[in-house]
Amino acid sequence: MENQKDVLVLAIESSCDETAAAVVKNGREVLSNIISSQIALHTLYGGVVPEIASRKHIEKINQVIEAALSEAGVGLEEIDAVGVTYGPGLVGALLVGVAEAKAIAYAAKKPLVGVHHIEGHIAANFIEHPDLEPPFFSLVVSGGHTHLVRVEDYGKFDILGKTRDDAAGEAFDKVARAIGLGYPGGPKIDKVSREGNPEAICFPRAHVEDSPYDFSFSGVKSAVLNYINGCRMKEKNSPWKNAGEGELSGFSQADVAASFQKAVVDVLVGNAMHAAEEFKIDKFALAGGVASNSALRGAMKEACEERGIKLYCPSPVYCTDNAAMIGAAAYYEYLAGTRHGWDLNAVPNLKLGERYE
Ligand code: KG4
Ligand code: ZN
């Protein structure tokens, strides 16, 4: 990179319920990272309402971009490219970011670089780890995705396994709602689990036959629902109707949360380490919202240390949706020559490694 000019990317992310913009230098240095979260709004409804998310993105996006530029202390004329998430995600939400990025790129005469959201999550690891370079393995665990990926090179992925049904984050959110913790479920389960016994209830660890790297979380979710329904029935028929402190309808929220979390973490770490051993990997990167889960980080750390694997985890702010990670991924796409036209569209079910040209 010596003697080469710095590359500044203005990145935009609006695939779900965070309106975010960032300025990233050379794919690794974050000059600003502005996130306007809609969590409080969607909490009223127990989950993300797509129509509300799109409207909120429209209201916030200009402010967020202005704040990102001003915090970075750069003007649009100094930007080298505009990076934007164009899939996967909620179509209406994605469209707001894509339309905005196209308008800015067109007006400022800058190249437009569309980014895959999951590629962004993986690239979040580049921000704080200057030594991390492909090839490495990544476990991407978010609200919509659970992927075990071999990162062959920048922008080049080999998907070894993925979920057959619910994503890990989705399972956290559904179980949290069922046990009365509300939305967003992941961080709440993480917190309440610290007071619970992870061995209290043995929930199933699903393994997909003939696909050692695939995941399935709908079974553990159903097992939790059955367990709490069973407890409620017993409670109804019991002469001792008043649940004790920390208990809700005959079960301990903390024990159910901790036992569920342990079941999910065991499967995630189990498959990840199976792949690590099979492919003799010495670098492993966690990514996605669930990567901020303390039990997962702890278990991965231990498992990687035992095997001499170097583990990379983004700080929690770069695990959940943000635009800095999109800026990091956009930089490597930009270097590889990726340029999108004014016909770039939102692709809600975009596959990792798939290119829309
Ligand atoms: O990556 P992300 O922000 O959005 C998607 O691309 O889906 O991930 C959001 C997901 C949600 O399901 C949320 O409950 C989960 O990540 N999550 C967590 C934690 N923090 C966020 N799950 C478990 N433990 C956490 N600490
Ligand atoms: Zn995400």
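Q: Is D321 buried or exposed?
A: D321 is buried, with 13% relative accessible area (buried means under 20%, exposed over 50%, partly exposed in between; 1.4 Å probe, protein chains only). The model is predicted: local features need pLDDT of at least 70 and side-chain atom pairs pLDDT 80 or more, while totals for chains, interfaces and linings use all residues. Residues are numbered from 1 along each chain as its sequence is written, chains are lettered from A and ligands numbered from 1 in the order written, and side-chain values use heavy atoms, leaving out hydrogens and water.

Q: Which protein donors hold the zinc ion (ligand 2)?
A: They are H117 (NE2), H121 (NE2) and D321 (OD), 2.0 Å from the zinc ion; donors are N, O and S atoms within 2.8 Å of the metal (3.2 Å for Na, K and Ca), with water not among the atoms, so sites may look incomplete.

Q: Where do H117 and D321 sit in the chain?
A: H117 is in helix α4 (residues 117-128) and D321 in the loop between α10 (316-319) and α11 (324-335), so the pair ties together parts 204 residues apart in sequence. Helices (H or I, at least four residues) and strands (E, at least two) are DSSP runs, numbered from the N terminus. H117 is also buried, at 5% relative accessibility.

Q: New topic: how many salt bridges are there?
A: The count is 18, taking a side-chain nitrogen of Lys or Arg within 4 Å of a carboxyl oxygen of Asp or Glu. One of them joins D131 and K310 at 3.0 Å, N to O.

Q: Which parts does that pair link?
A: D131 lies in the loop between α4 and β6 (136-141) and K310 in strand β12 (residues 310-312), 179 residues apart. D131 is partly exposed at 43% relative accessibility, and K310 is partly exposed at 43%.
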